[in-house]
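I opened a new structure today and kept notes as I went. The entries follow the order in which I looked things up.

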Amino acid sequence: MKVVIAEKPDQAMKLAAPFSFRKRDGYIEVGKCELFPNGAYFTWAVGHICELLSPEEYDKAWKRWTLEALPLIPDKFQYKVTKSKTKQFFMIRDLVKRPEVKEIIHAGDAGREGELIIRTILQTARISKPMKRLWISSLTENAVREGFRNLLGEEDTRNLYFEAYSRACADWLIGMNASRVYTILLKQRGISDVFSAGRVQTPTLALVVKREKEIESFVSKPFWEVVATFSMNGKEYEGKWHKDGESRLENPELAQKIAAFCYEKNAEITEAQTERKEFQPPQLFNLSALQATANRAFKFSPKKTLDLAQSLYTKGYISYPRSDSSFVTKEEASNFSDILEKLSQQNAYKSYFPTPVASILQNKRYVNEKKVTDHYAVIPTEQVPDVAKLSGDEQKIYDLIAKRLIAAHYKAAIFDYTTITTLVDGRATFLSKGKQQIQEGWRKVLFSEGTKDEDDEKLLPSLQNGEKGQVCDVQVKEGKTQPPKRYTEGQLITLMKTAGRHLDNEELEKVLMKTEGLGTEATRAGIITMLKDRKYLEVTKNQVYATDKGKVLIEAIGNKILASPEMTAKWEQRLAEIGEGNASAASFMEQVKKLSAKIIEDAVQMSAQWTFSGIDTGAIEQTKSKASLGKKVGSCKLCGENVVDKGDFYGCSHYAKTKCSFTVSKKILGKKLSVTNVKKLLETGKTDVIKGFKKGEKTFDARLEWKDNKIQFLFDK
């Protein structure tokens, strides 16, 4: 008899579904059948049932947070059973230990974390029975049966376990030591909060803080552009004044002079160039691309997209979502005709069929076995649902995935890009740019995917070199240089994938095919969620902001290795080599131990230079606890009684008696107010300048002032 151990309960149910079974308490009993001649028990983990010991469980002296104890380096890493999951741990252990059980089938997710979860349970339970590995990328009945027919040997995926175990232990070392050293040193500077730091989360935070600094230091400058409307034989179009490749003028008087000179003057087209460009259909989705697209189209957070995709996978509708590949093998591609046939029966997709391209089996843009890693691209399975009956959000994610596959069976989109050079009175040069769609191609399917056209050029009339006409209107348009835009969560996922490098579209596409970057497909959404939970990041209208707490940590670390995207990208590369059997896990861990000591050394060295100028460190202390509730912060501006901390706001202590309505919110336009500034407001009627109030996508700096019996913004001249 065999025991099949899945990663989650719902996955165990899908694995047992093709067979005759009975539900039991904590497991499923499958009867005798072709694949299980003696029957089988199907049971499950509940995610990570086991966790690494905490520092004090290795050494009681490590319970106290002191610099002298650092770095914390256990002699040997050990796991324990998570208290809330003890019952299921013992269920797995007792099932596997039954005398009739002769073999274990490891059925965790086909990736390094799935490998770690199941093997750690068995090691913690001290079980050493023979084991095989189920490795599938789909939970359809056909895929499940095929997977059980072609089980891998335990040794085939053992290196993946070493990779995952090395990652877990190394992250413990970096996280525990970095978090403690910065928390201790910052507390010495009067900033009393717990500062969590880590190998992936900290470089990710550094990318956002860097963008925040770019925005804060940006000085907007006005500029003027001269826009003329031309009439050429009854055909009208606009052009923008250019000189030496620049259209913006810093002098408004000069702009007006150019406009005045050009008004109603003769004009001639001196150059008309047209370039034809073909755009191939987008590649199939990997998880990062799916998360970025769903964020752009629906403003879904990366975690929400992953959760929805995981749900669709568990139901058998899509392939394994945590994939870093955009390619499929010929085996998967051979099923596309069946999948497309089923999609064509759905009302949502009927209009896209028949597809112009019958098969992409020979197209290496999509079918390339050399570029398929652990899993192939995220695609619909042959188990096509009634799309109209999916939940609203699941429907949106499934629709993106299905349309990507349909679009791959369409021809290129073709555009003509035209550049017209117009000379006014032989002296002033104007440029006009436009485009014309020649072939719609795949855009018929994906036009509404949430993407914007790469070019904003308008459609131009048919114009020829040498045509003559005149300027019928000319205007001077004023504008302002704009600061860099904040990242959306979808852009941040892509940025993590590229390890913070600035790449053009072609380079970006190449990097997105690789595993390098901050974190993995499976962990990036969790890292962003963690940064939000730990109050380092805030997301407002899909714009990612760094909080003062986040700014303090990155300012404290400075340019040291802990905040380096390149360091963690190389780390992921080395872990991948361990998973492939091409690098030593022991050697890697020795390097990590040295790195832990270096991080502590860097922190102590940098702490002598800390100033945190421009960061409201007082606001950070509000994340500590609820111990300040009821504490007096000043006198009421309306009645003179005490103003006290009431949780989310400060309010008059006499509200119950007199109904005094005086309150000060702890957060105004996305900005937390420090206790220090609230006290100043109550004592002097004004705060210090507070940076980073948010209004829409814009931020501004201002004081708060008590005036006309209300709190108002006060802007320094």
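**Entry 1: one alanine.** I started at Ala206, which is found in helix H7 (residues 201-217). Helices here are DSSP runs of H or I with at least four residues, strands are E runs of at least two, and both are numbered from the N terminus. This is a predicted model, where local features need pLDDT of at least 70, side-chain atom pairs count only at pLDDT 80 or more, and totals for chains, interfaces and linings use all residues. Residues are numbered from 1 along each chain as its sequence is written, and side-chain values use heavy atoms, with hydrogens and water left out.

Is Ala206 buried or exposed? I found 14% relative accessibility, so Ala206 counts as buried. Buried means under 20% relative accessible area, exposed over 50%, and partly exposed in between, with a 1.4 Å probe and protein chains only.

Next I looked up its contacts (heavy atoms within 4.5 Å). Leaving aside neighbours within four places in sequence, Ala206 touches Ile554 and Ala563. I also checked Asn559, 353 residues along the chain from Ala206; their C-alpha atoms are separated by 9.7 Å.

**Entry 2: a sheet.** I then traced an open sheet of 7 strands, in the order E2-E3-E4-E1-E7-E8-E9, with mixed pairing. Two strands pair if DSSP finds at least two bridges between them. Strand E2 (21-24) and strand E9 (152-153) stand at the edges. Each has a single partner strand, so one side of each lacks a neighbour in the sheet.

Strand E7 (residues 103-107) and strand E8 (residues 131-133) run parallel, joined by 3 bridges. His106 stands opposite Arg133 in E8.

**Entry 3: helices on the sheet.** Helix H1 (residues 9-16) packs on the sheet and touches strands including E1 (2-6), E3 (27-30) and E4 (40-44). Its direction makes about 155 degrees with that of E4. Helix H4 (residues 112-124) lies across E1, E7 and E8, at about 150 degrees to E7. These angles run from 0 to 180 degrees between N-to-C directions, with axes fitted to C-alpha atoms, for helices over the stretch in contact.

**Entry 4: the whole protein.** I counted 22 helices and 26 strands. Of the 717 residues, 50% count as buried. The C-alpha atoms fill a box of roughly 100 × 75 × 55 Å along the principal axes. Among contacts between residues at least 6 apart in sequence, 73% join residues at least 24 apart.
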